[in-house]
Amino acid sequence: MSWKRRTLIAVSCVAALVLSAGGWVIVQHDFDIRAERVTITGGAQPLQGTLALPEHGDGPFGLVVFVHGDGAATADRDEFYRPIWETFARAGYASLAWDKPGVNGAPGNWLDQSMPDRAAETEAAIAWARGRPDIDAGRIGLWGISQAGWVLPEVAVRHPELRFMIAVGTAVNWIRQGEYNLRAELRERHASDDEIAAELRRRENDLSLLRAGASYDRYLAATADSPPMSADRWRFVGKNFRSDATETLAQLRVPTLLLLGEHDLNVDVAETARVYRESIPASLLTIRTFPDASHNIVTFDLDKPDSLRSFLVALFAPRSLYAPGYLDALREYAAQPPNH
């Protein structure tokens, strides 16, 4: 179970028992949303989704379609999205996200997907949502994080009518992102120069195998990975490791908000900001970088596994996990008039 699941499992409409001087008391966290489980049809396979509507009113509401980053993900990313959904609700927007294929009982296997597959899945969700009377088909935007950087631009280029695209900690080039991530995590662990060099050699060996189209058995025989990737993961990486968003970003004509954490260990935010500035017209692009924030735009000191402090903040003040100003930035951007 991920640390976010451990720390956030109790934050949305969940009662937590807390020991106080007078005995056990109940702490309740309610978000101002109405979360409805839905089945999204029209794509390669049905998707198990959650539609989070503003708590009051019948709509039609604007809609933010969520695109996950890497890894197995439930619709609400183990409760992590719910403060964000509430933020968009306060701007008059519903939010739509779904369990990745194969997660939480959903059909399929997300590791079978290419980035174009994920883009097609997102387009199917948009088309499905436009058929709902409580959704304003003219006010649909995208929010995505990390690996979504290779999905969002594909969708936005094909759908220039979208209200906006919000990209959070998105990378540009898969191979460069992987090397940056490896180096950053090793530095964070105070690895020696020799250790870093050894890890880079291991990584280059894997890339050589990928470029050669090596089978999984060949990978197992040649890799120094410990533990090695699963067969599904090897195939997934083989489908996607050449991903690069540069050319697609240059075609983008949708208002874009790029949000970056200064202490992102996953993505080289300086490169991402540079490529977005070079590719997207200045009139359409807003970039904000949050000091002391992680890849998830969580306060850096709180975005760490097995942290008691993180657990307590998530339990008692879940909105405070995020870097100061992040949720406000989302709400204010979504509430702006079209073509901002």
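Predicted model: local features only at pLDDT ≥ 70, side-chain atom pairs only at ≥ 80, totals over all residues.
Colleague: What caps the N-terminal end of α10?
Modeller: Asp268 does, with one of its side-chain oxygens lying 3.2 Å from the backbone nitrogen of Ala270. Residues are numbered from 1 along each chain, and side-chain values use heavy atoms, without hydrogens or water.

Colleague: And which residues of α10 are buried?
Modeller: Within α10, which spans residues 269-279, the buried ones are Val269, Glu271, Thr272, Ala273, Val275, Tyr276 and Ser279. Buried here means under 20% relative accessible area with a 1.4 Å probe, protein chains only, and helices are DSSP runs (H or I) of at least four residues, strands (E) of at least two.

Colleague: What covers them?
Modeller: The cover includes the strands β8 (164-168), β9 (256-261) and β10 (285-290), together with the helices α5 (174-188) and α9 (246-249); contact means heavy atoms within 4.5 Å.

Colleague: Those strands, what order do they take in their sheet?
Modeller: The sheet is open, has 8 strands with mixed pairing, and runs β3-β4-β6-β5-β7-β8-β9-β10. At its edges are β3 (33-40) and β10, each of which pairs on one side only, where pairing requires at least two DSSP bridges between two strands.

Colleague: Do β8 and β9 run parallel or antiparallel?
Modeller: They run parallel and are joined by 4 bridges, and Ile166 has Leu257 of β9 as its bridge partner.

Colleague: Switching to Thr87, why does that one count as buried?
Modeller: Because its relative accessible area is 5%. Thr87 belongs to helix α2 (residues 82-90), and a polar atom of its side chain lies 2.9 Å from the backbone oxygen of Pro83. Beyond its neighbours within four places in sequence, Thr87 touches Leu327, Leu330 and Arg331.

Colleague: Last one: which residues lie nearest the centre of the largest pocket?
Modeller: Asp70, Gln177, Asn181, Arg233 and Asn266 do, out of 45 lining residues. A pocket is an open set of points on a 1 Å grid over the protein atoms alone, where a 1.4 Å probe fits, with protein on both sides within 12 Å along at least five of seven lines, and lining residues have an atom within 4 Å of a point.

Colleague: Which element gives the most to that lining?
Modeller: That is α5, with 8 residues.

Conventions:
Buried < 20%, exposed > 50% of the residue type's maximum accessible area, 1.4 Å probe, protein only. Polar contact = N/O pair within 3.5 Å; in protein donor to acceptor, adjacent residues only side chain to side chain.
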